[in-house]
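Dear colleague, please find below my notes on the structure under review. They are set out as numbered points, to be read beside the sequence and the model.

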Amino acid sequence: MLLEFSSARPPGPPAAGRRWPRSYWPGGATVAIGVALVLGGGSGANLLGQLVGVLGCCLLANTAVTRRLVAADANREPRRWAIDDDGLRSGNRLGSVHWTWAQVHRAVEYPDRYLLYQSDNPHTATFDVPREPLTPDQDDEFRAFLTDRGLLPAT
């Protein structure tokens, strides 16, 4: 068996809700309300204003991080996979990963990817193989290969 393909899909499971285009205005408005409370009130309003200002800064930081993740996914350099009887390779110009089949102890099939695990420990290293770039014949061949190795149940 030899499968070679490439994909710009980010590694691992898709992040739920990460494509939502967050806006900076809720965080900015919250910071402005906090500043107004600090400047215009007594000691109780001052403390509340500080808390509201910190909350606004947290909203702004969350928006900035989320937007950077979305931009990084949009500009992701494609990874190239090579899967054969000896093992799996995945990489791009920044680095690569190579696993032999002796390292793979279990596999889980998802609609959008195969996830291969090094052990039964839930915190073990994983190797993802996206299904989107595979042709139906390649997908069937890879699934049969994993089934023959005892990593997936027969259907």
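This is a predicted model: local features need pLDDT of at least 70, side-chain atom pairs count only at pLDDT 80 or more; totals for chains, interfaces and linings use all residues.

**Notes on the structure**

1. The side chains of Tyr114 and Asp139 are joined by a polar contact of 3.1 Å.

2. On confidence, the mean pLDDT of the protein is 84, and 90% of the residues score at least 70. Helix H3 (residues 136–148) has the highest confidence, with a mean of 91. Confidence is lowest in strand E1 (residues 2–7), where the mean is 82.

3. Where does Tyr114 lie in the chain? Tyr114 belongs to strand E6, which covers residues 113–117. Its relative accessible area is 0%, and Tyr114 is therefore classed as buried, the cut-off being under 20%.

4. Apart from residues up to four places away in sequence, Tyr114 touches Val108, Glu109, Phe127, Asp128, Val129, Arg131, Leu134, Asp139, Phe142, Arg143, Leu146 and Leu152. Val54, by contrast, is 60 residues from Tyr114 along the chain, and the C-alpha atoms of the two are separated by 42 Å.

5. Strand E6 forms part of an open sheet of three strands, whose order is E5-E6-E7 and whose pairing is antiparallel. Strand E5 (106–109) and E7 are the edge strands, each pairing on one side only. On average, neighbouring strands of this sheet are turned by 20 degrees against each other, direction ignored. In general, strands of a sheet pair through backbone hydrogen bonds, in a parallel or an antiparallel manner.

6. The pairing of E6 with E7 can be followed residue by residue. These two strands pair in the antiparallel sense over five bridges. Tyr114 stands opposite Val129 in E7, while Arg113 has Pro130 of E7 as its bridge partner. Strand E7 (residues 126–130) is mostly covered, with four of its five residues buried.

7. How is helix H3 placed relative to the sheet? H3 lies across E5, E6 and E7, and it runs at about 25 degrees to E6.

8. Turning to charged side chains, the count of salt bridges comes to seven. In general terms, side chains of opposite charge can pair when their charged atoms come close. Asp139, already noted for its polar contact with Tyr114, also forms a salt bridge with Arg131, in which the closest N and O atoms are 2.9 Å apart. Asp139 has a relative accessible area of 10% and so counts as buried. Arg131 is likewise buried, with a value of 17%. Glu109, Arg131, Asp139 and Arg143 are linked in a network of salt bridges.

9. A further salt bridge connects the side chains of Asp128 and Arg79, at 3.3 Å from N to O. This pair links distant parts of the chain: Asp128 is in strand E7 and Arg79 is in strand E2, 49 residues apart. Are these two residues buried or exposed? Both Asp128 and Arg79 are buried.

10. Glu4 and Arg80 also form a salt bridge, with their closest N and O atoms 4.0 Å apart. Here too distant parts of the chain are linked, since Glu4 lies in strand E1 and Arg80 in strand E2 (residues 79–84), 76 residues apart. Glu4 is partly exposed, with a relative accessible area of 45%. Arg80 also counts as partly exposed, at 44% relative accessibility.

11. Leaving aside neighbours within four places in sequence, Thr63 is in contact with Arg22, Ser23 and Tyr24. A polar atom of the Thr63 side chain lies 3.5 Å from the backbone oxygen of Ser23.

Terms used:
Residues are numbered from 1 along each chain as its sequence is written. Side-chain values use heavy atoms; hydrogens and water are left out. Buried means under 20% relative accessible area, exposed over 50%, partly exposed in between (1.4 Å probe, protein chains only). Contact means heavy atoms within 4.5 Å. A polar contact is a pair of N or O atoms within 3.5 Å; within protein, one must be able to donate a hydrogen and the other to accept it, and residues adjacent in sequence count only if both atoms are side-chain atoms. pLDDT is the predictor's confidence in each residue, from 0 to 100. Two strands pair if DSSP finds at least two bridges between them. Axes are lines fitted to C-alpha atoms, for helices over the stretch in contact, and angles run from 0 to 180 degrees between N-to-C directions.
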